[in-house]
Amino acid sequence: SDYDKFNEQYKAFAPTDQDIALMQKLAGKELIVLFGTWCHDSQREVPKLIKLLEESKVELASIDYVAVGYNKRDDAGIAQVHDLQYTPTFVVKQNGKELVRVIEKPTGTLAQDLTQGL
């Protein structure tokens with residue numbers, strides 16, 4: 001199943017101390033995770049995100065996991081509001097203002113991309 005793929009990636013991923021430390025820059029911020037259970041990039045990146053959040057114990061203001069269909073939409077319209085084009089898309093916000101967006105594959109590590117410029 002798709003969930004097995006997520007689980008395998010979760011187990012295989014070992015974040016570095018540096019990446020775990022970087023995640024603290026997300027403290028007090030909102031995180032929106034737009035993903036597809038059917039999407040290879042989501043199957044690879046979302047479990048990494050979950051492990052980074054767990055190991056860093058960073059205290060986010062909020063986190064929303066939004067699963068979308070093949071049409072890149074969800075019933076609540078969250079994907080449309082954030083102009084979702086590719087999955088996964090991770091959006092970091094503060095007070096409703098978008099600060100960082102990571103689309104599909106990070107250019108560095110996921111933690112580096114999520115905290116770029118913060």
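At what angle do helix H1 and helix H3 pack, and how far apart are their axes? In this predicted model, select residues 2–12 for H1 and residues 40–56 for H3: the two helices pack at an angle of about 50°, with 8 Å between their axes. That angle makes H1 oblique to H3, and the crossing of the two helices is right-handed.

Next, show the side chains along this contact. On the H1 side, select Asp2, Lys5, Phe6, Gln9, Tyr10 and Lys11, which meet Ser42, Gln43, Arg44, Val46, Pro47, Ile50, Lys51 and Glu54 of H3. Coloured by residue class, the residues of this contact divide into six charged, five nonpolar and three polar.

Now turn to the largest nonpolar core, which has 20 residues, and select Met23, Leu31, Val33, Leu49, Phe90, Leu110 and Leu114, the members that touch the most others. Two or more residues of this core come from each of strand E1 (30–35), H3, strand E3 (89–94), strand E4 (97–103) and helix H5 (110–114), and the largest share, four residues, is given by H3.

Centre the view on Val33 and display its surroundings: beyond its neighbours within four places in sequence, Val33 is in contact with Val46, Leu49, Ile63, Asp64, Tyr65, Val66, Thr89 and Phe90. Finally, select Val66, Val68, Ala79 and Leu84, which are among the seven residues of another core, lying apart from the largest one.

Technical notes. Residues numbered from 1 in each chain as written. Predicted model: local features only at pLDDT ≥ 70, side-chain atom pairs only at ≥ 80, totals over all residues. Heavy atoms only, no water. Axes fitted to C-alpha atoms, helices over the stretch in contact; angles between N-to-C directions. Parallel < 35°, antiparallel > 145°, perpendicular 65-115°, else oblique. Left-handed = near helix turned anticlockwise from the far one by under 90°. Contact = heavy atoms within 4.5 Å. Nonpolar A, V, L, I, M, F, W, Y, C, P; charged D, E, K, R; others polar. Core = buried A, V, L, I, M, F, W, Y, C linked by side-chain atoms within 4.5 Å. Buried < 20%, exposed > 50% of the residue type's maximum accessible area, 1.4 Å probe, protein only.
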